[in-house]
Amino acid sequence: MYKVLLVDDEALIREAISENTKWNELGYELVGACKNGKEAIEKIKENPPDLLLTDICMPYVDGMDLTKFVYENYRDTKVVIISGYDEFEYAKNAVKYQVVEYILKPITALELSETLKKVREKLDGERLQNQNMKKIKGAYISNLPLLRGRFLNSLLAGNIQIDNIKEKLVDYDIHLSGKCFMTALVLGDDFTSFLSQEKDIKPDLGYFAIYNISEEILSHYEQGVTFQDIEERTILVFSGDAGLEKRALQICEEIQKAIMKFLKIECTIAVGQAVDSLEKLYESFADTKKALEYKFLLGGNQIIYAADLRGSSARQGVDVARYAGQVALEIKTGNEEGIRRQIQEFIQAVRDAYVSRNRSIFYVQNAILSIMNSLDTTSINESMIFTEERELLNTIYNKEQLSDIAEDLVLFCVDIARNMKDQKDSYCKKQAILALDYIDKNYGDADVSLNTVCSYLAMSTSYFSSIFKAYTGETFIEALTKKRIERAKLLLENTAKKAYEIADEVGYSDPHYFSSTFKKMTGMTPTEYAKRVR
C-alpha cells in the first residue's frame, strides 16, 4: 500500500475525493486530508507520503509552494496537482518540480482512479528499482573485503594505473596516507600446537586468526591496512611519514608476539623496504617476497627485513667438495658427533652465501653425491643405502627450511656410518672365527705362525692382528699358545706319553721351549703336572 496525502481548501472536494475513491482497491492508503499547504507540510514532516494530491490556490501556503517544498525535501514523494486553473505558468512550474500529473477540475472518480493507477505503476517501478539497488548495495558491502583485497593485490603487483589509485582508495574506503609506504607478509610456521587445542580445528581458522590479530593491531596504530591474498596469507600495507620503517618493524614484532601468545603459532614476518609513493608499492612487495625466500636459509619464527639482507649478502660460493670430503672422513671413522659438526658447518656456509632456495638445494645435492663417491660402497649394504639416497634427494625439495634438510642429511650420513661399522664388524668377526678354526686344525704344525694364517686369510699381518685382537681379546700367538697348552694338558691327563712326545704332537719342535712355556702357563713343568693328575 502506498500512502496518500490529500490537500484542498474546499471541504466538499476533500470529502468527495476521500469518500468516493476506492483507495485500497487501487493500492493506496489515505493517511490524511489537509485544508492548506501549511497544515500539509507539518503532516509531511511527521509521516512523508508516497503520493501528494494537492490543489494550487490555498491560503497560507499554496499548492506550488507546497510542491516546491516536497521537491526540495522529499524527492521520493510523487505529486499530482488537481487545479481549476489551466495557466501556462502553473504548468511550467509543475514540470520544474517534477509533478507527475496535472489534472484540471472538475474531475470524476474514474479520471482520478486512472491517474492513481498510472502513478502506482510508476511507484511500483521505482520500488522494484530501489529494491534491486538495495540488493546490489548489500552485495557490494558484503563483498567489499574481497573487492578491497583484489584491488590491493593488483596494486602490489603493479597492475593499477596511477590515475586510478586515488579513486579506488576512496571507492573501497582504504586509508593510506603519508609520504612513505611499505609492505609485510605474515606467515604461520607450524600450526601443530594451534590445531591440537580443540577437536576439529582446521588450518583455515588459523589463517583467519592470524589475519584478525594483525588487522586489529595495525588498525589500533592507524598505520595502514591488512588483507589476505588468494593463498590466505596475511599482508600488511604500512603508510606514514618519516620513521615509518622503525614503526613498522615494531608493529610486526607486536603482531608476532600476539600470535604466539593467543594462537600458539610461531610465525615469520617478511618486511620490504619503504617507497615514496603508492604507485611504487609493488617494489616494496617484491622486496617482501625476496625476504621471505630467506626463511628457507635462516629458519622461521623471526622478522626478516629486506634492508638487512641487502647489506649482509656476500654472494660467495660454497666449497662443496671440501665439506663433503670432511663428512666422508667422519663417516669412515664412525664419528657421529664429527658427522653432525661437519654438516652443520656446511649448512652454515650455505646460509652465509645468501643464495636462493634452488641454489641451496643444488649445493646439498652435490654434497650428497660427493659424499657417496668418497666412500667405499662395497663395504656397505648398497641396496639399502642407495634407496635412502634417492629418497633424500627427492624429499629435500619439499622441505620448508634448510635446517630440516640438514637434520635429514645428518641422519642419512650417521646411518651410513653405522652400516659401514656393522659390515666391518661382521667381516672382522668372520675373519677371527676363520683364524680360530685354523688354529684348531693346525696347532700341531710347528710351522704355524702369524704369517701362515695371514697368508691363509689373504690379509696383511697388521690388519689381521688388529681385528683378531678386537674380536678375541688376545693376540694370535697368545691364542695359538693357549690352544697348544690346553691340548698338552689333556694328553698329560689321559695318556702315558713322555713330555717330548707331547711337545712334538702339539707343535713344539723344541721340548725345552715346550716345558718352559707349559710352566709359564700352568705354574708347573709337564712332569710335575703329570704326577699330580695321573
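## Charges over rings

In this predicted model, the charged end of Arg 322 sits over the ring of Tyr 323, 4.4 Å from its centre. A charge gets that label if NZ of Lys or CZ of Arg is within 6 Å of the ring centre and within 35 degrees of the ring normal. Lys 38 does likewise with Tyr 60, lying over the face of the ring at 5.9 Å from its centre.

A bit of housekeeping: residues are numbered from 1 along each chain as its sequence is written, and side-chain values use heavy atoms, with hydrogens and water left out. Local features need pLDDT of at least 70 and side-chain atom pairs count only at pLDDT 80 or more, while totals for chains, interfaces and linings use all residues.

## Aromatic pairs

Rings of Phe, Tyr and Trp (its six-membered ring) pair if their centres lie within 6.5 Å; planes under 30 degrees apart are stacked, over 60 edge-to-face, and the rest tilted. That rule gives 17 aromatic pairs. One of them is Tyr 2 with Tyr 28, a tilted pair at 6.2 Å centre to centre with 50 degrees between the planes. Tyr 2 lies in strand S1 (residues 2-7) and Tyr 28 in strand S2 (residues 28-34), so the pair ties together parts that are 26 residues apart in sequence. Strands (E, at least two residues) and helices (H or I, at least four) are DSSP runs, numbered from the N terminus. Tyr 2 and Tyr 28 are both buried, where buried means under 20% relative accessible area, exposed over 50% and partly exposed in between (1.4 Å probe, protein chains only).

Phe 208 and Tyr 211 make a tilted pair too, with ring centres 6.1 Å apart and planes at 45 degrees. Both lie in helix H10 (residues 203-221), three residues apart, about one turn of the helix. Phe 208 is partly exposed at 43% relative accessibility, whereas Tyr 211 is buried at 19%. Elsewhere, Tyr 508, Tyr 513, Phe 514, Phe 518 and Tyr 529 form one aromatic cluster.

## The largest pocket

Helix H10 turns up again here: H10 and strand S7 (224-228) are the elements that give two or more residues to the lining of the largest pocket. The pocket has a volume of about 260 Å³, counted as the space filled by probe spheres set on grid points, which are joined across faces, edges and corners. On a 1 Å grid over the protein atoms alone, a pocket is an open set of points where a 1.4 Å probe fits, with protein on both sides within 12 Å along at least five of seven lines; lining residues have an atom within 4 Å of a point.

The lining has 14 residues, with His 175, Ser 219, Glu 222, Gly 224 and Val 225 nearest the pocket centre. By class, that's three nonpolar, seven polar and four charged.

The loop between S7 and strand S8 (234-240) holds Asp 229, which is buried at 10% relative accessible area. Its side chain reaches the backbone nitrogen of Glu 231 at 3.0 Å. Glu 232, in the loop between S7 and S8, has a positive phi near 65 degrees without being a glycine, and is partly exposed at 31%.

Tyr 354 is another non-glycine with positive phi, about 50 degrees. Tyr 354 lies in the loop between helix H16 (336-353) and helix H17 (357-374) and counts as buried at 14%. There's also a cis peptide bond joining Lys 105 and Pro 106, with omega about -5 degrees; Pro 106 is in the loop between strand S5 (101-104) and helix H6 (109-142).

Note on methods. Nonpolar A, V, L, I, M, F, W, Y, C, P; charged D, E, K, R; others polar. Polar contact = N/O pair within 3.5 Å; in protein donor to acceptor, adjacent residues only side chain to side chain.
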